[in-house]
Each structure stands twice: as structure tokens, then as C-alpha cells.
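Subject: Structure handover

Hello,

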Amino acid sequence: FKMVNSGLKSRKVSFRIPYYTQWGQNLLICGSDRLLGSWNVKKGLLLKPSHQGEELIWSGSIPVPPGYQSEYSYYVVDDRRNILRWEVGKKRKLLLPDGLQDGQSLELRDLWQTGSDNIPFRSAFKDVIFRTSWSLGGERPLEITQNKLDQDGSVILQFRICCPYLEEGTSIYVLGSSLNLGQWKIQDGLKLAYAGDSLWQAACVMGKDDLPLKYPFVCLSYRLNAVPFYHKLDSNFFHYCKHSEAGTSVECGASREISVDVTTGESGFVVLSDGLMREMPWRGAGVSIPMFSVRSEADLGVGEFLDLKLLVDWAVESGFHLVQLLPINDTSVNCMWWDSYPYSSLSVFALHPLYLRVEAISENIPEDIKQEIREARVQLDKKDVDYEACMATKLSIAKKIFAREKETILNSKSFQEFFSENQEWLKPYAAFCFLRNFFETSERSQWGRFSEFSKEKLEKLISKESLHYEVVSFHYYIQFHLHLQLSEAAEYARKKGVVLKGDLPIGVDRNSVDTWVYPNLFRMNTSTGAPPDYFDKNGQNWGFPTYNWEEMSKDNYGWWRARLTQMGKYFTAYRIDHILGFFRIWELPEHAMTGLCGKFRPSIPISQEELELEGLWDFNRLTHPYIGQDLLQ
């Protein structure tokens, strides 16, 4: 290292993390900078273990130049540095404090980031339920604190705690027996400042007489009509709450502890990354409902996307945090009532025209069409959804409005942006709908030269010079307004703190846009289902072709990534239908009627040698049917 070789004093960065491993396992740090391996685990910093009380502590250090910074993560590896597991969550950031002088040290004390630590940072929580706008705090600069390091053995402690669930008007303090931590009085404790990404931090100087130290984190929230109470930390706290109308909560569990070896006489910095605030687990409730059941006085016989705003209001009043919908993709494969089954998708990208509010697609609807809408609202207002009548009525009215404003809408900036972002799936979808209606079937074998998809045929069919362009562009128009209406409802839910959760069906219809455009991604000679069980002795045959995962892997599962990205425009959480099917599926031959003649795919066969090791040898008796005279009698 050049700086060390030249005789210059360097700054030392030390890492320390408690973590239990098994025999043959090691911990190492790998980061973005070359000193930490440039994300090559084979070149990362290997840590050394030591027992401290009941904990196994892993530690290591490197000399660094001034202004050094890097991202890093912890990894568990074997003796050959093969990765066994790694931390979940965001990469950690290493940034030298301005007050760190030559010859001084920076010690980073971390905790392993688990999967549960990362849950609050998922979009459903971060962007919706705990959506709070905090301004960055004004923590005292560390270079100012550095000036107070006069005593030998003194150290600057920076406390860091993650609080994703914090409500507005709440402050976080560190309490302890030292003077800098308020001597257990919250009004004199060390107040933390917001540092972004739900992280709160503050620093103070500790002398050798203050260490070792016990400390908890405390939340203090100011609110109206708060009930004053006595707190176990200090008898004076009752009076503080009474006069300030504040509520307090101390994190769960025993106080945290820190001890620093000050015998070396080296003053420096210790950053305590204490993970998540230890609170009672957050719990929330929600409601699951099919989109067609979200009825209102404004709809035309079926729930519509804009009706979700009323459902969100109801959820807020009821204390619910989540609204889960059944699949909302277009399922109009046959244009019959059985298309109402929401799990048989015509397209995994297109939204269902059934949920369109025709009254909202234009501000200039003439009076005769408004009257038609009012009459249809009365006729379709039934106890059960008349699927075919609702679809026919909505598309008929929408076509009349489209005929009046198609030029304006199709040439608008907002439509052009929508079309540009979605044309990869929108063009084939519109062409498919045209061909389905033209040939009066979704069975592609009846489509003549269009039975096999090609981009050249597609571009000719949807060309603006084509005789069919107006029919094709009508489907663009419908999807554009469905997108606008669902986006409006989704944004309304986010602002109200309600998670809108979508549903991802396991399969697509055999006669769908996706199997037409990407037949190589599906095993079209098979069908998806479930084996015989207590629910059905004949098993189940769902009729969907199974996925060709080997082919999908060739472009890094681009079809799945595009599908999830499309859902992410509207939803902040998903339900994945039949999640087991992503690991192994009950696959049936195409001609099967029930679920009896299937097998799991993939599956691991048992060899004859394995059976013989288990003591089985009479394979003819076990694998060939044998019915004797006695059994017949």
C-alpha cells in the first residue's frame, strides 16, 4: 500500500460483527473498492473470529487513504471462499468522517442484515403504509465533535438506528448513565437526526470513565391529549410527559451494550449500526375481493377501476391497510360468459375492458350518449353480473365516443407516450383482438396465414394504411383509458396509505396472445393441473400449457420480467397464484380430460440401484399388474 510504504500515517478502518457460524465457515467483507475486492469475493477481506462472552465476534481491519469511501456487504464462505450465504438488503456505505486524523481509527460495528430486516423497505411499506416525508436533520458535524477529543482514550460514538415505522412528530433519543446521554433523563438524552432511508443517527464524545456503556433507544412523540404516565427509567419523567403532552416508548428487550478498548490511547470513531428499532411487530389487516364485485352507483352492472377509490375510503375508515384484487387482465378469449373466470388470461399485459368506466373516457360526451349510459345503468343493475351484456354495452358506447374523438386522442402527447412505452405487447394484443373478432374464434388454427405469428405480418395488419387500422386502434384506445383509470385509483390508494395488491395467475389460456407471439416459451402439447387429492379424486386439469423454463432462461426470463414490471405500474404487492408451480408442476398430456394421467415436472426418478439398497428386488411383481384367480373370486 503506497501510503504506508512512503511513511505517511494512514487511517485504519476496522470491522466488527457478531455472527455464529458452523465448522468450516468463515465471514468476509467484499465491497466496491479494490481494497475490499471490487465485489470479487475471492479478493475480499477475510475476518478473524474470537469469543467474547457468549458471542462469536468476527473482526478485521484495513489501512485506507484520506477521503476513502466504499460500499460493502458481509458474506459467509467456506475454506475456499465459495459463497454459502450473504446479507439481505441494501449495500452498506463506508464513508470516512471529516474529523478522522492521521493515525486514528474508524471502527464499524455492524449487525447481520436478515430477510426480516428488509421487509419494511419493500414498496408496500416504504412507499405506502409508512409513507412519511422526513427532512434531513442537522446533526452536529463530526469535525466539530473531534475538537473535544482532548483526553487520552476518549472516543466518538455515532449511534445509528433504523426506524421505518416512525410516525410524524416523533423524535428518537439515546439514553444512558453518562452525562452526554442524559443520565437516563429523556429531556437531556442524545437526540438523533434523520439521515435518510429511515436511518437516524447522532454522535457524542465518550471518555474512558463512561465506558462500558448500556443504552436503549427511546421514541418520544408529541400529540394532543396525551395521557401522562410514570416511566421506569426516571421518576421525573412523569412530570415531563404531563407538561409536554408527550408519549414515550422504549424499545423492547434488554439495554444495548458497548465496550471499547481505550488502553491503546488511540482516539477515534466508533459507528454503532444497531439495525432495526426493537419494537412490537407491526400488524395490519386487509380485504380480498374480485374487481367485478366492487360495485357503486356509478358503474354499469359491474365493478370498475374508479370504484376502487370508494373501496379505499372504506378501508381507511375500517382500519385496513391492504386491498387485494383477483386478476384484472383481459380474459375475453371466447367472448362468452365463461370468460368471466379471471385466471385464464387472454393477455398477461392487457387490462380487462369490463372494468372501464365509459362515462370517464371523455369530457365531451353528447347528451344522447349520456342518456344511453343512464338507461344502461338501470338495465344492468342486477344482483349478479351479466358478463356478456356488460361487455357488449360498454364496448358499444365506447365505440361511439371513439368515433367522435379518435383523432384528438390518438395524436395526443399522453397517448403517444403510453403507446411508446407499451407497444411491445399492445400491438400484438390489438391485432389478436381484431383477428379473434374477424374469424369469430380465438383458435389460431382457423386464422389461415395469421395462424403463425410474425412481426412482418403484424406490422402490415396494424399499419395506419391498413383497412383495419380504425378497428385495431380502438383496442389501443380502450387500453389507454383503462391504464389512466387504474393509475388514478392506484395513486389514490397510495396517498391514502392503502396497499393495492394484485394477483399473478400461474397460467395463460391456450388460445392467448402470449402463446401466439411466444409459442416457444410454452409446452403447447401439455396441460397444467393438480394430482388427485382429498378435494378431487380425479385431480384437476386447468387447461393451461406448462412453461418451457429452459427456453425462458435463454433471455434471463425476459417475459416474466416484463410481466412483473407491467403489474408494478399499478400494484405495490402481488399474490402469486400456485407458487408451488414455479418449482414443480403437475403436467398432463394435451388430450387428458381429468388430472389422473399426469406427472410432476421437474421430478427426480428413483433408480433401480437405489431401490435395491432399500431392500426392494421383486420389480416385476411391483410394477406389472397381476390378478390371480383368488382375487377374481
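Axes here are lines fitted to C-alpha atoms, for helices over the stretch in contact, and angles run from 0 to 180 degrees between N-to-C directions. Helices are DSSP runs (H or I, at least four residues), numbered from the N terminus. This is a predicted model, in which local features need pLDDT of at least 70 and side-chain atom pairs count only at pLDDT 80 or more, while totals for chains, interfaces and linings use all residues. Residues are numbered from 1 along each chain as its sequence is written, and side-chain values use heavy atoms, with hydrogens and water left out.

Helix H6 (residues 308–318) packs on H11 at about 15°, the axes being 9 Å apart. H6 therefore counts as roughly parallel to H11 (angles under 35 degrees). Contact (heavy atoms within 4.5 Å) is made by Leu 308, Lys 309, Val 312 and Asp 313 of H6 with Leu 486, Glu 488, Ala 489, Tyr 492 and Ala 493 of H11.

Helix H9 (residues 413–439) also meets H11 (residues 469–495): their axes come within 8 Å and cross at roughly 130°. H9 is therefore oblique to H11 (the class left after under 35, over 145 and 65 to 115 degrees).

Beyond four places in sequence, the contacts of Phe 305 include Met 291, Ile 328 and Leu 482.

Regards

Methods. Helices (H or I, at least four residues) and strands (E, at least two) are DSSP runs, numbered from the N terminus.
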